[in-house]
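Please examine the protein shown below.

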Amino acid sequence: MSGYPTRGFSSHMRQPSLGPGAGSMGQSPALVARVNEKKAELENLKELRDLSAAVASQMEALEQKLATLSDGTEAIALVFANWHNVLRAINMASAKLPKPNPEAEDTTPLPQTLVRIPTEHAPALQAHAEGAAEEQESG
């Protein structure tokens with residue numbers, strides 16, 4: 001025989017250790033507790049991921065609603081910006097009315113009929129009205 005063992009080598013190989021105190025269960029209580037702790041941590045992380053996705057989708061919906069609100073606010077701002085033109089037109093129409101006569105009670109004059117002007121011509125009409133107002137002031 002040679003000096004090397006033949007068959008007995010595999011029986012002498014060391015079994016993998018499962019940690020200190022590995023008994024008949026095959027796993028130590030500390031290792032089981034650690035695995036359970038990691039499983040609970042994994043579940044918490046999955047829940048956090050799901051909740052984060054829900055918050056992200058709610059934030060996207062809020063972004064869309066805020067964009068709509070912003071567009072509406074701009075439209076309202078444009079309407080308010082035009083109110084001075086509307087009031088000026090009413091004032092101009094009312095200025096042409098004759099003053100009511102206190103002696104004639106039944107004949108109350110009606111205001112001038114206001115005509116709707118297409119808004120596409122509004123800048124040109126506003127410039128024309130301002131020019132006419134300047135001519136009246138200087139003349």
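A residue is called buried when its relative accessible area is under 20%, exposed when it is over 50%, and partly exposed in between, with a 1.4 Å probe and protein chains only. The model is a predicted one, in which local features need pLDDT of at least 70 and side-chain atom pairs count only at pLDDT 80 or more, while totals for chains, interfaces and linings use all residues. Residues are numbered from 1 along each chain as its sequence is written, and side-chain values use heavy atoms, with hydrogens and water left out.

**Overall picture**

The protein chain has two helices and zero strands; helices (H or I, at least four residues) and strands (E, at least two) are DSSP runs, numbered from the N terminus. Helix H1 covers residues 29–95, and helix H2 covers residues 122–138. Of the 139 residues in the chain, 1% count as buried. The accessible surface, computed by the Shrake-Rupley method with a 1.4 Å probe, comes to about 13,200 Å², and 61% of this area belongs to carbon and sulfur atoms.

**Salt bridges**

A salt bridge requires a side-chain nitrogen of Lys or Arg within 4 Å of a carboxyl oxygen of Asp or Glu. By this rule, the count is three.

| Salt bridge | N to O distance |
|---|---|
| Glu37 and Arg34 | 3.6 Å |
| Glu41 and Lys38 | 3.5 Å |
| Arg49 and Asp50 | 3.5 Å |

How many residues apart are Glu37 and Arg34 in helix H1? They are three residues apart, so about one helical turn separates them. Arg34 is partly exposed, at 44% relative accessible area, and Glu37 is likewise partly exposed, at 47%. Glu41 and Lys38 also lie three residues apart in helix H1, about one turn of the helix. Their relative accessible areas are 37% for Glu41 and 40% for Lys38. In the remaining pair, Arg49 counts as exposed at 53%, whereas Asp50 is partly exposed at 46%.

**Surface patches**

Patches consist of residues with over 30% relative accessible area and no salt bridge; like charges are joined within 9 Å, and nonpolar side chains (Val, Leu, Ile, Met, Phe, Trp, Tyr) within 5 Å. A nonpolar patch of about 680 Å² is formed by Ile76, Val79, Phe80, Trp83, Val86, Leu87 and Ile90. Ile76 belongs to helix H1.

A patch of negative charge gathers Glu130, Glu134, Glu135 and Glu137 on the surface. Here Asp and Glu count as negative and Lys and Arg as positive, while His and the chain ends are not counted; the place of a charge is taken as NZ of Lys, CZ of Arg, CG of Asp or CD of Glu. Glu137 lies in helix H2 and is exposed, with a relative accessible area of 69%.
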